[in-house]
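Please look at the chain below before reading the notes. The points are meant to be checked against it one by one.

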Amino acid sequence: MAAKRRFRNVVRIGPVQVGTAYDQRGQEKHTAACTAPRCGFSTEYDSRSAAELAARTHRCPAR
Ligand SMILES: [Zn+2]
C-alpha cells in the first residue's frame with residue numbers, strides 16, 4: 001500500500017484490500033489496493049462504499 005499510513009477497518013475482498021485512513025489534510029480517504037505482486041492497482045476514494053465497490057469489481061490482470 002502507498003506510503004506509511006495507519007489504515008483501519010482493513011478488509012480483504014478477493015485480492016484487494018480496502019482500508020480507511022486520514023490523508024495529510026486530515027480528510028478521511030478510503031483506499032482500495034490490490035495485493036497481487038504484479039498488479040499495482042491502488043486507488044483512493046472519498047467514500048467507503050466506492051472503495052469496496054472498486055474492490056469487488058476489480059478484475060486483476062495479475063491473476
Ligand atoms: Zn489486481
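The numbered points below go through the sheet, the helix, the core and one loop.

1. This is a predicted model, in which local features need pLDDT of at least 70, side-chain atom pairs count only at pLDDT 80 or more, and totals for chains, interfaces and linings use all residues. Residues are numbered from 1 along each chain as its sequence is written.

2. The sheet. Four strands form an open sheet in the order E1-E2-E3-E4, with antiparallel pairing. Strand E1 (8-13) and strand E4 (42-45) are the edge strands, and each pairs on one side only. Strands here are DSSP runs of E with at least two residues, helices are runs of H or I with at least four, and both are numbered from the N terminus. Two strands pair if DSSP finds at least two bridges between them. On average, neighbouring strands of this sheet are turned by 20° against each other, direction ignored; axes are lines fitted to C-alpha atoms, for helices over the stretch in contact, and angles run from 0 to 180 degrees between N-to-C directions.

3. E1 with E2. Strand E2 (residues 16-22) pairs with E1 in the antiparallel sense over four bridges. Valine 11 stands opposite valine 18 in E2, and arginine 12 stands opposite glutamine 17 in E2. The hairpin of these two strands has two residues between them, and glycine 14 takes a positive phi near 60° there.

4. E2 with E3. These antiparallel strands are joined by seven bridges. Lysine 29 in E3 is the bridge partner of alanine 21, while valine 18 stands opposite alanine 32 in E3. Five residues lie between the strands of this hairpin, and glycine 26 in the turn has a positive phi of about 80°.

5. E3 with E4. Four bridges join this antiparallel pair. Alanine 33 stands opposite serine 42 in E4.

6. A contact means that the C-beta atoms of two residues, placed from the backbone, lie within 7 Å.

7. Why is E3 largely enclosed by the rest of the structure? Five of the seven residues of E3 are buried. A residue is buried if 20 or more other C-beta atoms lie within 10 Å of its own, exposed if 12 or fewer, and partly exposed in between. The largest nonpolar core has seven residues: Val16, Val18, Ala32, Ala33, Cys34, Ala51 and Ala55. Such a core is a set of buried Ala, Val, Leu, Ile, Met, Phe, Trp, Tyr and Cys residues joined through C-beta atoms within 7 Å. E2, E3 and H1 are the elements that give two or more residues to this core, and E3 gives the most, with three. Not counting residues up to four places away in sequence, valine 18 touches Val11, Ile13, His30, Ala32, Ala51, Glu52 and Ala55.

8. A loop residue. Proline 37 is found in the loop between E3 and E4. Is proline 37 buried or exposed? Proline 37 counts as exposed because it has 7 C-beta neighbours inside 10 Å. The C-alpha atoms of proline 37 and alanine 62 are separated by 7.5 Å, although the two residues are 25 residues apart along the chain.
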